[in-house]
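Please look over the sequence and the structure below before reading on. The report that follows takes up a few places in turn, for a reader who is meeting them for the first time.

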Amino acid sequence: MQKHVIVVGAGIVGVATALWLQRGGAQVTLVDRDGPAAGASAGNAGLLAAAAVLPNSEPGLIWRAPFMAVSRDAPLFLRWSYLPFMARWLLEFARQCNPRDTARIAQALAPLVLDSFDQHRALAQGTGAERHLHPCDYLYAYADHAALKASEPGWEMRGAHGVSCELLDGPALAEYDPLLARFACAMRMGGHGRISDPRAYVLDLAGYFEGQGGRILRVEATGVARDGARVTGLRVGAETHDCDDLVICAGAWSNPLLRDLGLRVPLETERGYHLELWGASAMPRAPTMVAAGQFVATPMAGRLRLAGIVELGGLRAGPSRAPRDFLRRSLKRCFPDIQYDRQTEWMGHRPSTPDSLPVIGAVPGLTGAWVGVGHQHVGLTAGPVTGRWLAQMVLGQRPNTDMAAYAPGRFG
Ligand SMILES: Cc1cc2nc3c(=O)[nH]c(=O)nc-3n(C[C@H](O)[C@H](O)[C@H](O)COP(=O)(O)OP(=O)(O)OC[C@H]3O[C@@H](n4cnc5c(N)ncnc54)[C@H](O)[C@@H]3O)c2cc1C
């Protein structure tokens with residue numbers, strides 16, 4: 001008999017899961033209170049970050065973070081009044097800032113990111129969304145050689161996972177891309193990808209899913225219906241939508257639904273920002289991470305998008321002034337010659353766990369309950385493979401990967 005699966009959340013993770021489930025023969029309903037691509041999946045930097053094996057909790061960060069948080073020229077911002085609410089997350093995060101955990105986490109991030117472009121190609125094939133996918137290099141640009149030197153351990157770790165890179169120094173960098181002539185040097189990595197309009201990409205995938213008989217409901221999920229240890233449906237206010245299996249992919253907003261499933265995950269938002277320059281007079285040749293600013297400048301359809309920054313401040317507060325001003329100042333400093341017609345701004349929520357690893361798999365102790373959340377800075381990159389794994393598990397198959405590192409029950 002055909003399974004009916006409800007997937008909550010129509011960002012890249014939920015849409016990829018729904019599509020792979022549909023291809024596997026399930027009848028699928030995708031639920032999102034605001035429709036597809038309403039969250040982080042729309043406003044990100046559009047980079048398929050195959051080299052992103054480093055956790056956010058790099059060794060030594062815990063000592064630098066307080067200085068970064070009080071500097072207006074560092075890409076970390078805090079809403080101080082929110083900090084007590086994320087104390088558990090911060091403590092857990094601090095515990096991971098050591099070489100041993102960094103190596104362990106990198107090992108688990110590798111299968112999520114390394115073949116990202118191929119995973120996207122497989123997901124998008126035949127959907128019409130392929131038109132947004134482009135193979136490209138990815139550059140890390142440094143203002144000076146001291147900054148490059150300080151980042152050497154990261155390059156060694158990437159290298160250990162098979163990421164190859166080439167140093168473009170001074171004139172070689174200017175020759176590769178004259179727009180980057182102000183930087184002292186850059187590391188160039190091949191084998192990456194970019195999405196030229198992340199929102200349109202997710203919308204195209206969702207449109208295809210609907211065209212193939214999938215159902216999209218624009219409602220807010222409020223809870224889970226159970227019969228003993230079996231999930232039987234999704235609650236939407238007073239109504240219940242019956243299903244055989246329920247998959248929660250509600251990004252940074254997943255906590256209430258996870259709690260209803262009896263699952264405690266220290267999930268926080270790492271707020272991020274983008275600034276778009278429409279009609280930009282010049283674009284970088286490849287997505288470029290401005291290392292000092294921790295934002296990526298990505299050429300996109302009709303505009304250049306600068307996206308990144310971390311602000312810790314919860315889900316409720318609106319966008320803050322300081323991160324946006326930081327991005328504007330960085331733009332003037334790094335790309336002063338770019339002219340443009342107009343700017344637009346955006347703020348969004350990365351769903352992040354303190355160990356930089358998503359939660360993917362079955363909810364312990366329940367039948368028919370699944371989770372795919374917490375993809376932090378690499379959710380666009382890792383969404384398709386997560387969706388593939390989740391669909392395999394829901395349909396009774398075993399992913400060809402050791403899923404232990406992503407276990408939903410690992411936080412106790
Ligand atoms: C500034 C910035 C730059 C980034 N750059 C990159 C990048 O270049 N590459 C990369 O790989 N990643 C990047 N990321 C991270 C990436 O965007 C996220 O990890 C990813 O989009 C998360 O996808 P998701 O599907 O889990 O969540 P989301 O896209 O946030 O989707 C969650 C969905 O759930 C819905 N929802 C929530 N609660 C409910 C409910 N109760 N009922 C119904 N619906 C609900 C929401 O409406 C939303 O549509 C970036 C993030 C930011 C903020």
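## Strands, helices and the model

Strands, as the word is used here, are DSSP runs of E with at least two residues, while helices are runs of H or I with at least four, and both are numbered from the N terminus. The model described with these terms is a predicted one.

Ile309 is found in strand S16, which covers residues 303–312, and its phi is near 75°, a positive value in a residue that is not glycine.

Ala37 lies instead in a loop, the one between strand S2 (27–31) and helix H2 (40–43). The phi of Ala37 is near 60°, again a positive value in a residue other than glycine, and Ala37 is buried, with 23 other C-beta atoms within 10 Å.

## The shell around the ligand

There are 45 residues around the ligand, and those that come nearest are Gly11, Gly39, Gly251, Gly272 and Gly379. The elements that give two or more residues to this shell are the helices H1 (12–23), H2 and H13, together with the strands S13 (268–278), S16 and S17 (342–352). By kind, the residues of the shell divide into 22 nonpolar, 18 polar and 5 charged.

## Helix H5 and its packing

Within H5, the residues Thr102, Ile105, Ala108, Leu109, Leu112 and Val113 are buried. The buried residues of H5 pack against helix H6 (116–124) and helix H13 (379–394), and H13 is also one of the elements that give two or more residues to the shell around the ligand.

## Ala225 in strand S9

Ala225 lies in strand S9, residues 223–227, and counts as partly exposed, with 17 C-beta neighbours inside 10 Å. When its neighbours within four places in sequence are left aside, Ala225 is in contact with Thr232, Gly233, Leu234, Arg235 and Thr240. Ala225 and Asp242, which are 17 residues apart in sequence, are 8.3 Å apart in space, taken from C-alpha to C-alpha.

Note on methods
Residues numbered from 1 in each chain as written. Predicted model: local features only at pLDDT ≥ 70, side-chain atom pairs only at ≥ 80, totals over all residues. Buried ≥ 20, exposed ≤ 12 C-beta atoms within 10 Å, placed from the backbone. Contact = placed C-beta atoms within 7 Å. Near = placed C-beta within 6 Å. Nonpolar A, V, L, I, M, F, W, Y, C, P; charged D, E, K, R; others polar.
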